[in-house]
Amino acid sequence: RVPGEKNVSGTCLNTAALVDPDLHYLLDGPIEREIRSMRTYLVTEGRTTVIHEIPDRGILLLSIRRDRFDAWHAEQARAAGADVRLGCSVVDVVEEAGSIRGVVTDAGERLAARVVIDAGGVNSIVGRKAGLIERRSGTSMILYATVAIHLGRRRIDKRFGDTIEYYLAPGCQHKVWPWVFPKRDVITLGTGGYMTADLVGERAPSVNAYLQKLMDLPVLRPRLEGGRIVSWGLHLEYDDETPRRARDGLILTGEAGGFVIPFLGEGMPEAYFSGIYAARAAARAIAAGDVSAPALQAAYDEQLDANLFMKAFHHVGACNKASILAKP
């Protein structure tokens, strides 16, 4: 119904948005806070160790609210000539002679396209209908529980400031990093775990239990006093590579294409980059009169391979995932 209503969990823009010219336009959007430091809490029985990281200069991240930022972003697209349709679901693809030629909406409308760019998320209907997204499960998936708590700007300034926080504490997660991100007048919290057989059980009957234990930590609970929950959600995120990202007339972007790295809390710049590159690849293919999968994939990969930021984060993410999943 409104842009940002179907948001996942993205709440910060990292340094890619600050240094890459392709993403500089994002800096004109509604920014909640400039994040200038990071704290990590290591909670053990009888002791909490805090690591506080402060850069010599500059900022670490830009804190945003998806409901406000996505609405602004949709207006940029509309101003550029896009037809923005809200409250509209795609339920099928139009396929002719083995090529994707458009999509079908829940109202039965057939929308034709020379190239479809799919940004439908973790279990995209377009990607599944086109045969590019198979069943995703287990350690390919992370389930997060998130909550937004309104505290007001004065309390947040005093209790959290311009600092993001991560917590490693017993019973608060299943092989992921619980977080607290301050906005202007709300904070967002999230935790969860890889969807393995032991994600839920006696220690955590549901993923919500991890979130409650996080909020009940003695080091955090007093700083939440006086707040009220204004939104919450359960979010599936895909933490693996998508083997095929193109078909004749179709390109997958964002989480549909396997560009998000949820273990590291990475996703928004990857989604923006891959969306921009997909649009350029589509434009090039259309101009050349060849929208086949090889032509689209070649133009797409050329840009992706040149992005050292994305390559570095995917390498770090893969190494971290292998390490954390090998531990009890």
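Helix α5 (residues 207-215) lies across strands β10, β11 (163-168), β12 (179-182), β13 (186-195) and β14, and runs at about 135° to β13. The model is predicted. The strands under discussion belong to an open sheet of 7 strands with mixed pairing.

**Sheet**

- The strand order across the open sheet is β4-β3-β11-β12-β13-β10-β14.
- β4 (47-53) and β14 (228-238) are the edge strands, each pairing on one side only.
- From one strand to the next, the twist averages 20°.
- β10 (residues 138-150) pairs with β14 in the antiparallel sense, over 10 bridges.
- Within this part of the sheet, V147 stands opposite W232 of β14.

**Salt bridge E32–R184**

- The side chains of E32 and R184 form a salt bridge with an N to O distance of 3.3 Å.
- E32 sits in the loop between α1 (16-19) and β2 (33-35), while R184 sits in the loop between β12 and β13, so the pair ties together parts that lie 152 residues apart in sequence.
- E32 has a relative accessibility of 6% and counts as buried, because the cut-off for buried is under 20%.
- R184 has a relative accessible area of 29% and is partly exposed.
- E32 and R184 also belong to one network with R68, joined by salt bridges that share partners.

**Salt bridge R33–D157**

- R33 and D157 form a salt bridge in which the closest N and O atoms are 2.6 Å apart.
- This pair links distant parts of the chain, with R33 in strand β2 and D157 in helix α4 (residues 153-159), 124 residues apart.
- R33 counts as buried, at 6% relative accessibility.
- D157 is partly exposed, with a relative accessible area of 39%.

**Salt bridge R223–E165**

- The closest N and O atoms of the salt bridge between R223 and E165 are 2.8 Å apart.
- R223 lies in the loop between α5 and β14, and E165 lies in strand β11; the pair links these distant parts of the chain, 58 residues apart.
- Both R223 and E165 are buried.
- Strand β11, which holds E165, is among the strands that helix α5 lies across.

Methods
Residues numbered from 1 in each chain as written. Predicted model: local features only at pLDDT ≥ 70, side-chain atom pairs only at ≥ 80, totals over all residues. Heavy atoms only, no water. Pairing = 2+ DSSP bridges. Helix = DSSP H or I, 4+ residues; strand = E, 2+ residues; numbered from the N terminus. Axes fitted to C-alpha atoms, helices over the stretch in contact; angles between N-to-C directions. Contact = heavy atoms within 4.5 Å. Salt bridge = Lys/Arg side-chain N within 4 Å of Asp/Glu carboxyl O. Buried < 20%, exposed > 50% of the residue type's maximum accessible area, 1.4 Å probe, protein only.
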